[in-house]
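Grab your viewer and work through a few geometry exercises. Each one comes with a solution to check yourself against.

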Amino acid sequence: MSSAVLSIGSNIGDRLAHLQSVCDGLGDRVVAASRVYATEPWGGVEQQDFLNATLLVDDDARTARDWLDVGQHLENEASRVRDQRWGPRTLDVDVISVSDDGAVVESTDPVLTLPHPRAAERAFVLIPWLDADPGAVLRHRGSDVPVADLLAALTPADRDGVRLTEHTLTTAGTDAGKQT
């Protein structure tokens, strides 16, 4: 069983609809979804706040590279343009962590580095991930570290920049407006 943690974000257009398009595109592969958070932009580029969420997904047929490919396909469907690093975007789908039959996939491939090399520094990844999976663990610097500990190590300003919204995502098998 291949499972992955996907961090999704949008700050252009109908941000919530862009996030929902990922749930719709992945269908019953989504096993849990966080609530939706408003997040200050990261990386120093002036832009509108993001909406962010985390999805936990499973699929026996997918590899780590397949999760990246499906994320990029969904970004393309949302007319994602890659013209400025850390710039505004309709949709961003980041593969944070992948496990194959319970074993953490590690990769130094520059196209898909796993686990995501900056996930431990980003409250907008960690907070929604904990929402979707309160017992989450990230392989960080060679050790499995509880995501709650990584979040606690961030500055209060970093954590405060991620705010819970009233929005939720609908996933396959759930009633409209309820999270899994």
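The model is predicted, so local features need pLDDT of at least 70 and side-chain atom pairs pLDDT 80 or more, while totals for chains, interfaces and linings use all residues. Residues are numbered from 1 along each chain as its sequence is written, and side-chain values use heavy atoms, without hydrogens or water.

**Exercise 1.** Work out how helix α1 passes helix α2 and which residues meet there.

Step 1: find the elements. α1 covers residues 15-26 and α2 residues 64-77; helices are DSSP runs (H or I, at least four residues) and strands are too (E, at least two), numbered from the N terminus.

Step 2: get the angle. The axes come within 10 Å and cross at roughly 130°, with axes fitted to C-alpha atoms over the stretch in contact and angles running from 0 to 180 degrees between N-to-C directions. The two helices are therefore oblique to each other.

Step 3: list the contacts (heavy atoms within 4.5 Å). Ser21, Val22, Gly25 and Leu26 of α1 meet Trp67, Val70 and Leu74 of α2.

Step 4: α1 passes α2 in a right-handed crossing, meaning the near helix is turned clockwise from the far one by less than a right angle.

**Exercise 2.** Describe the hairpin of β9 and β10.

Step 1: β9 (residues 137-140) and β10 (residues 143-146) run antiparallel, joined by 4 bridges; pairing takes at least two DSSP bridges.

Step 2: Val137 pairs with Pro146, and His140 with Ser143.

Step 3: check the turn. There are 2 residues between the strands, and Arg141 has a positive phi near 55°.

**Exercise 3.** Which residue forms a salt bridge with Arg35?

Step 1: apply the cut-off, a side-chain nitrogen of Lys or Arg within 4 Å of a carboxyl oxygen of Asp or Glu. The whole structure has 8 such bridges.

Step 2: the partner is Asp131, with the closest N and O atoms 2.9 Å apart. Arg35 sits in the loop between β2 and β3 and Asp131 in α3, so the pair ties together parts 96 residues apart in sequence.

Technical notes: Parallel < 35°, antiparallel > 145°, perpendicular 65-115°, else oblique.
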